[in-house]
Amino acid sequence: MLSRVEEHRTLLSLAERLRRKGEQAEMERTLQRATGKEFLPALRRETLRRAARLWRETGDVGRSAAACIQILS
């Protein structure tokens with residue numbers, strides 16, 4: 001069984017691969033899993049930072065901005 005940190009790292013890596021493949025719906029589900037309460041707050045913040053970048057790279061500035069706002073709240 002993977003530790004929570006390893007599981008989180010795997011989810012973020014998967015989200016990156018899904019973005020490159022153009023699978024945005026699956027990327028979104030993966031990012032949502034990585035923001036789950038089972039992960040430490042620092043890991044959830046890392047997910048939001050990564051989500052902001054990934055959404056910006058896909059051209060979805062609205063979702064990128066939403067991730068930034070969540071970081072600040």
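Predicted model: local features only at pLDDT ≥ 70, side-chain atom pairs only at ≥ 80, totals over all residues.
**Around Ser64**
- You'll find Ser64 in helix α4.
- Leaving out residues up to four places away in sequence, Ser64 touches Ala52, Trp55 and Arg56.
- Arg49 is 15 residues from Ser64 in sequence, and their C-alpha atoms are 9.0 Å apart in space.

**How α1 meets α3**
- Helix α1 covers residues 4-21 and packs against α3 at about 5 degrees, with 11 Å between the two axes.
- Angles under 35 degrees count as roughly parallel, so that's what α1 and α3 are to each other.
- On the α1 side, the contact uses Val5, His8, Leu12, Ala15, Glu16 and Arg19.
- Across from them, α3 brings a set of residues that includes Leu43, Arg44, Glu46, Arg50 and Leu54.
- Sorted by class, this α1 and α3 contact has seven charged, five nonpolar and three polar residues.

**The largest pocket**
- The largest pocket has a volume of about 340 Å³.
- It has 15 lining residues, and the ones closest to its centre are Leu31, Thr35, Leu48, Ala51 and Gln70.
- Helices α2 (24-34), α3 (41-58) and α4 (61-72) are the elements that each give two or more residues to this lining.
- The biggest share comes from α3, with six residues.
- By class, the pocket lining has seven nonpolar, five charged and three polar residues.

Key
Residues numbered from 1 in each chain as written. Heavy atoms only, no water. 1 Å grid on protein atoms, 1.4 Å probe; cavity = no way out; pocket = protein on both sides within 12 Å on 5 of 7 lines; lining within 4 Å. Points joined across faces, edges and corners; volume = space filled by probe spheres on them. Helix = DSSP H or I, 4+ residues; strand = E, 2+ residues; numbered from the N terminus. Nonpolar A, V, L, I, M, F, W, Y, C, P; charged D, E, K, R; others polar. Axes fitted to C-alpha atoms, helices over the stretch in contact; angles between N-to-C directions. Parallel < 35°, antiparallel > 145°, perpendicular 65-115°, else oblique. Contact = heavy atoms within 4.5 Å.
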